[in-house]
Amino acid sequence: MDRANPDRFVSSQRIGDSLERVEDDRLLRGEGGFIDDLELGSRTAHVAFLRSPHANAIVRAIEKGPALAIPGVIAVWTARDVAGIVKPMVSDTEQPGLKVTKREVLATDRARFVGDTLAMAMASDPYLAVDATEAIETTFEVLPAVARALEAAKPDAPRVHESIDDNVLYETSSATPDFTGIHAAAPLRIKERFVMHRVAGVPIEPRGCAASFDPKKGVLTVWSSTQCPSILHNAIAEHLELRQSDIRVVTPDIGGGFGPKAAVYPEELLVAAASMRLRRPVKWIQDRYDDFLTSTQARDHAYEVEIGFTQEGRLVSLLADILVNVGAYSTMPFGASFEANGASRNMPGAYRLSNFAFHARAVCTNTCPTGAYRGVSAPVACMVMEGMLDRIGRLLNLDPAEVRRRNLVTDFPYKNVLGLPYREGCFLPTMDRCLELADYPELRRRQADARDGKLRGVSVVVITEQTGMGAARFKQRGLFRIPGYEGALVKIEPDGTATACVSMAAIGQGSATSFTQIISDKLGVPAEDVRIVTGDTGRGPTGTGTIASRGMVVAGNAVLAASGKVAEKMSRIAGAILDRPPEDIFFADGYAQVKNAPNLHVSVARIASVAYSSGETILAAGESHGLESVVYYDTPSAEVASAAHVVAVAVDPRTGCVEIEKYAVVHDCGRMITPNLVDGQIHGGVAQGLGEVLMEEIVYSDDGQPLSVSLMEYQMPRCVDFSAMEIDAVHSEMGSKIIKGVGEGGTIGAVPAIVNAIGDALAKANVNVNEIPLSAQAIRSMMRHAAASSASPSNP
Amino acid sequence: MKPAPFGYAVAENAAHAIEILNREGDDARPLAGGQSLVPMMNIRIARPSFLVDLNKCRDLDYVKEDGGSLRIGAMTRQRTLELSPVARERCPLIALALRGAGSAPIRNRGTIGGSIANGYPLADLITAALSLDAVMIVRNSTEAKEIAADAFFVDSMVTAIEPSELLTEIVVPARTVDSRYAYRKSGNHAGGAAIVIVSASAEAREDRLTVPRIAVAGVASRSIRLPNVEAAVSELCDPAGLREAFRADLQTRAYAETGAHAAYAEELAEEIVVSVVEMMRVPPSGERQ
């Protein structure tokens with residue numbers, strides 16, 4: 001096709017328009033290239049891992065002879081085989097309150113959770129690899145194990161790591177000046193205890209990785225279904241002691257991440273090492289059972305809080321004691337302090353709070369390690385804060401919306417009690433718009449109607465989401481392995497098409513669509529002429545990864561800035577061709593066009609042919625060849641996004657089943673690039689929050705045996721569990737120029753909103769809702785206890 | 001998700017399948033739609049030595065009316081039966097039970113015989129079969145046996161089918177003009193697995209329900225009939241009487257689990273039994289299922 005043909009009709013995209021996902025045509029036709037679609041040839045060694053069946057055991061012997069005797073088995077590795085090949089993983093750095101532990105990539109003498117890796121079997125097909133793990137003979141001395149944080153923190157608890165005598169990996173506390181006196185002097189105080197269970201991320205595609213080493217070139221290529229290719233690249237270099245320049249990490253299509261795929265895992269390092277040792281391609285594909293045993297899990301918090309406030313319901317002070325279960329090992333790159341620090345950091349949220357004291361402990365147990373999951377600690381921290389605000393309302397007989405109205409931050413810029421700056425925001429307008437969208441007065445009226453015998457509850461919550469964190473914020477949090485920046489290379493090819501290589505991984509959320517839209521808007525190329533390459537350290541600049549609601553803030557801005565630089569050069573070249581000043585040039589629909597001169601234009605393809613000297617026109621003197629730019633983008637702090645959720649539920653007191661009757665979200669993520677994808681983030685985030693509150697639960701027996709090892713036990717929401725969701729967006733005037741993240745707010749809001757709506761419904765039955773999950777069974781049990789302990793028969 | 005090694009053969013028809021089962025011994029299993037067996041094999045909980053694939057057995061794929069009965073071939077897909085006009089007309093309870101049995105793609109592949117022979121107590125068809133007094137036809141190389149539902153479902157995942165035998169047909173009574181049906185299940189949430197299933201049929205005569213057949217899953221190691229509740233229905237008992245009868249039925253269970261989940265399931269079952277009887281007492285109005 002002649003791309004320079006001026007009659008060719010093309011249309012470019014604008015930032016802010018909803019756009020069909022550019023990924024979907026290929027994916028819906030089954031033409032995706034996920035990790036298991038990768039074919040590395042007949043010499044490939046397929047991997048299966050032997051996992052520990054015991055939560056805490058001394059490994060006496062691992063006899064791999066019977067496995068090696070199976071025809072087709074290539075190798076079996078135990079800790080002895082990898083000593084000196086793969087270094088142990090140390091996720092933390094020395095800092096106050098933090099005890100550094102290490103994780104051997106294959107257990108040496110001790111297995112610390114059911115799922116700890118004992119051996120790696122490699123065979124000519126994946127079935128034989130599993131057969132090999134079954135043939136390995138193991139001898140253990142089983143030790144007492146501990147699964148609950150509260151038990152693990154007791155002095156006589158079994159030790160998870162020999163070197164940590166109290167199982168506390170991290171402990172921190174902080175208090176604002178004169179906290180004790182101010183808190184004691186608060187006119188009113190309420191004390192409460194909250195318990196949040198453990199959940200799993202459960203991406204539809206479990207983990208997997210593959211590696212191939214080219215001995216002639218000395219290059220190791222690793223493919224992984226990871227959210228953080230650059231961090232994995234760094235970790236492989238460090239643990240295999242390789243040069244960064246000899247490694248390439250590539251992300252294939254990724255079937256969801258949600259946090260569990262943000263961690264660096266022993267399996268990735270072992271597969272990489274094996275491909276170098278065996279001089280063969282090596283491939284490991286995880287199954288769901290193994291995912292439930294070994295992929296990082298999340299939450300598992302307990303809080304003791306006391307809130308001080310005035311007779312008018314204005315906050316005075318908050319005291320919190322936080323206990324977090326981190327599992328058997330500190331997770332790379334987040335470390336042991338991640339959830340414990342996140343808990344306190346997310347508690348002040350959208351509210352004016354001047355006096356805050358907290359004490360937090362992260363305790364190790366004989367369970368699967370925990371790590372990032374959508375929202376990190378924020379959904380449960382907000383559940384605590386929002387739960388306390390509703391309790392204030394009930395005590396003072398104030399509507400929950402009014403309690404919030406009296407406490408929301410309304411003056412910006414604002415610096416919160418922990419020093420986090422909110423440079424702008426619109427928390428109150430967000431809440432008011434959401435109350436209007438949900439028809440809050442009507443929901444309250446309907447609550448009184450109980451003809452069908454159901455208990456109805458309504459909630460309104462306002463949450464913040466600390467998005468777009470950059471290098472400075474991650475270093476401040478002690479997360480030294482998280483670089484914080486993202487990089488983008490944007491290039492106009494000699495034929496006028498565009499290629500962009502972006503450091504972050506695309507995990508299914510449609511980031512290629514938004515990057516395409518930015519490039520199409522800035523450079524005038526049609527969406528179909530843009531190719532986006534994500535998460536390939538061999539092709540694009542390095543960065544951090546797809547975590548912490550940073551994609552559009554950091555990587556999007558990198559693409560925007562790189563596109564801007566290319567546009568500047570294109571404007572100069574177009575200006576020279578059209579004899580107009582570059583500042584009069586803009587790009588749309590495949591052409592450089594001139595302000596106030598609709599008949600003057602030159603196609604992007606023609607500009608490219610000049611820039612690459614592939615046509616008759618000579619590049620102007622002083623101009624260099626090529627049309628590309630690389631930008632590394634960083635943010636100085638975090639962009640504080642926010643959202644209000646209004647939820648109405650009906651609880652059937654006979655069955656305990658909860659039905660969502662209304663769900664409205666109004667969010668502020670600043671300037672939206674692709675609004676339909678923003679809606680998608682809200683839909684998915686709320687669905688995960690709903691799952692977390694009503695059904696999803698990772699259960700361990702007291703002695704550390706996992707009881708949730710399939711989707712039979714680990715129930716997840718389906719489409720039939722939802723009613724329609726109403727969504728609207730607002731932002732401040734300044735916010736219209738700021739891109740904020742939106743990946744986690746749906747979950748952060750849904751957890752407190754659904755919990756509070758159920759709490760509101762059950763308040764009539766004297767049930768105090770302070771624990772999740774709120775399964776139908778749990779609700780019935782709470783109602784039965786409340787009825788038994790309620791002395792007054794006149795209570796409705 | 002990689003099964004342990006197993007042998008495999010495709011059966012051309014029921015007789016061929018029985019012949020292969022005989023040849024391959026006690027650990028051989030028939031493979032129907034594979035919606036339960038294959039996932040269990042994938043995580044190596046099930047390790048049959050040999051699979052006899054029934055998917056080419058056209059002689060086991062039919063739904064037909066035969067006098068006062070409906071005869072259903074064991075390899076009939078669940079979705080086929082759910083949408084079958086003759087089944088909808090002659091035994092509406094089947095469609096009520098099947099429409100919530102997993103998702104449509106699962107029902108497209110899953111078979112009637114596969115689900116019944118698997119014996120998972122909370123499978124929709126099993127409680128429905130008990131409340132219909134269904135008869136299972138089980139064949140071996142020498143005979144065809146008729147086994148009543150109550151004798152067929154022995155325990156969780158255990159049925160009366162012996163090694164080298166094949167479930168070939170399910171026979172259910174066709175409806176009369178007076179037949180009433182009700183089917184309800186409850187789980188943690190709309191899209192979740194059932195915790196309790198109650199299935200019921202009866203004949204409405206002179207303003208009362210006669211020959212009530214009520215079965216419940218979720219309160220015992222298998223789906224069970226509720227004789228005391230059935231008697232209470234015949235005697236026109238009010239909800240309090242039904243509740244009392246249900247609790248009496250619970251007393252007669254061979255084995256009762258304890259703990260919070262079992263307590264919840266019993267409480268839930270009681271509510272649903274009462275609501276199902278109420279549903280049957282209301283004459284069908286407007287369109288019939």
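Helices and strands here are DSSP runs, numbered from the N terminus. In this predicted model, A:S549 sits in the loop between β21 (530-534) and α17 (551-578) of chain A.

A polar atom of its side chain lies 3.4 Å from the backbone nitrogen of A:G743. Beyond its neighbours within four places in sequence, A:S549 is in contact with A:E465, A:T467 and A:G468, and also with A:G741, A:V742, A:G743 and A:E744.

The loop between β21 and α17 of chain A also holds A:R550, which pairs with A:E486 in strand β19 (residues 486-492), 64 residues apart. The two form a salt bridge in which the closest N and O atoms are 2.7 Å apart. A:E486 has 0% relative accessibility and so counts as buried. A:R550 is buried too, because its relative accessible area is 1%.

Over all chains, a search of the whole structure finds 73 salt bridges.

| Pair | N to O distance |
|---|---|
| A:E267 and A:R207 | 3.3 Å |
| A:R299 and A:E692 | 2.8 Å |
| A:E486 and A:R550 | 2.7 Å |

The side chains of A:E267 and A:R207 meet in a salt bridge of 3.3 Å, N to O. This pair links distant parts of the chain, 60 residues apart: A:E267 is in helix α8 (residues 266-278) of chain A, and A:R207 is in the loop between β8 (188-200) and β9 (208-214) of chain A. A:E267 counts as buried because its relative accessibility is 2%, and A:R207 is buried with a relative accessible area of 5%.

A:R299 and A:E692 form a salt bridge with the closest N and O atoms 2.8 Å apart. A:R299 belongs to strand β13 (residues 297-309) of chain A and A:E692 to helix α19 (residues 675-694) of chain A, so the pair ties together parts that are 393 residues apart in sequence. Both A:R299 and A:E692 are buried.

In soluble globular proteins, nonpolar side chains tend to be buried together. The largest nonpolar core in this model has 130 residues, and the members that touch the most others are A:Y303, A:M347, A:Y663, A:I754 and A:I758. Apart from this core lies another, of 49 residues, including A:I231, A:L270, A:A273 and A:A274.

Leaving aside neighbours within four places in sequence, the contacts of A:Y663 include A:H645, A:V646, A:V647, A:V686, A:A724, A:M725, A:A753 and A:I754.

**The interface of chains A and B**

The contact between the chains involves 24 residues of chain B and 24 residues of chain A. The area buried between them is about 2000 Å², of which carbon and sulfur atoms give 52%. Five salt bridges cross the interface by the rule. One of the salt bridges in the model joins A:D131 and B:R44, whose closest N and O atoms are 2.8 Å apart.

On the side of chain B that touches chain A, β11 (179-187) and α12 (260-281) of chain B each supply at least two residues. The largest share, six residues, comes from α12(B). By class, that side of chain B has eleven nonpolar, seven polar and six charged residues.

**Helix α8 of chain B**

Helix α8 (residues 124-131) of chain B is mostly covered, with eight of its eight residues buried. B:D124 and B:S131 are among the buried residues of α8(B). B:D133, which follows α8(B), has a positive phi, near 55°.

**Backbone exceptions**

Most residues other than glycine have a negative phi, and most peptide bonds are trans. In chain A, a cis peptide bond joins A:M332 and A:P333, with omega about 5°. A:P333 lies in the loop between β14 (315-327) and α10 (338-345) of chain A. Another cis peptide bond joins A:F412 and A:P413, with omega about 0°, and A:P413 is in the loop between α12 (400-405) and β16 (414-415) of chain A.

In chain B, B:E206 has a positive phi, near 50°. B:E206 is in the loop between β12 (194-205) and β13 (208-217) of chain B, and is exposed because its relative accessible area is 75%. The phi of B:L236 is also positive, near 60°. B:L236 is in the loop between α10 (227-234) and α11 (239-251) of chain B and is partly exposed, with a relative accessible area of 47%.

Note on methods
Residues numbered from 1 in each chain as written. Chains lettered and ligands numbered in written order. Predicted model: local features only at pLDDT ≥ 70, side-chain atom pairs only at ≥ 80, totals over all residues. Heavy atoms only, no water. Core = buried A, V, L, I, M, F, W, Y, C linked by side-chain atoms within 4.5 Å. Buried < 20%, exposed > 50% of the residue type's maximum accessible area, 1.4 Å probe, protein only. Contact = heavy atoms within 4.5 Å. Buried area = accessible area lost by both parts, 1.4 Å probe. Salt bridge = Lys/Arg side-chain N within 4 Å of Asp/Glu carboxyl O. Helix = DSSP H or I, 4+ residues; strand = E, 2+ residues; numbered from the N terminus. Nonpolar A, V, L, I, M, F, W, Y, C, P; charged D, E, K, R; others polar. Polar contact = N/O pair within 3.5 Å; in protein donor to acceptor, adjacent residues only side chain to side chain.
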